[in-house]
Amino acid sequence: MINQFSTTQYIPLGFAQAFMQSKTRATKIIKLEIADGRQWEVTCRITQANCTLGKGWIVFARDYGLEIGDVCVYEISPSNHEVFKVQVAKKSQIKAGGYFS
């Protein structure tokens, strides 16, 4: 299923602008961190129109076992603004009412 993923992940522009302190163009290396402390280095690119997680995103998606329909929730780490803490709600858990209910 993972081969259907894009090599980029769009994230909300307002979230990225606040994090990167830029309204226009910027590129920054960030880390995605899951609950067990593992981290993945990812390129975060912001333009006037959108923000994407690029290089490194697909490695995270494969390693985590993401599937189409899973939901990623990002939070900027209060102690390190170059780390996005990631929570993943698996599609099966959402359908069963285990998340967001």
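## Arg38 and Asp36

Arg38 has a relative accessible area of 43% and is partly exposed (buried means under 20% relative accessible area, exposed over 50%, partly exposed in between, with a 1.4 Å probe and protein chains only). The side chain of Arg38 meets that of Asp36 in a salt bridge, with 2.9 Å from N to O. A salt bridge here is a side-chain nitrogen of Lys or Arg within 4 Å of a carboxyl oxygen of Asp or Glu. In the whole structure, the search finds three salt bridges.

## Basis of the values

This is a predicted model, in which local features need pLDDT of at least 70 and side-chain atom pairs count only at pLDDT 80 or more, while totals for chains, interfaces and linings use all residues. Residues are numbered from 1 along each chain as its sequence is written, and side-chain values use heavy atoms, with hydrogens and water left out.

## Glu33 and Lys85

Glu33 and Lys85 form a salt bridge through their side chains, at 2.8 Å from N to O. Glu33 is in strand 2 (residues 26-33) and Lys85 is in strand 6 (residues 83-89), so this pair ties together parts 52 residues apart in sequence. Helices (H or I, at least four residues) and strands (E, at least two) are DSSP runs, numbered from the N terminus.

Glu33 is buried, at 15% relative accessible area, whereas Lys85 is partly exposed, at 32%.

## Lys90 and Asp70

In the salt bridge between Lys90 and Asp70, the closest N and O atoms are 2.7 Å apart. The pair links distant parts of the chain, 20 residues apart. Lys90 is in the loop between strand 6 and helix 3 (91-95), and Asp70 is in the loop between helix 2 (57-64) and strand 5 (71-76). Asp70 counts as buried, with 15% relative accessibility.
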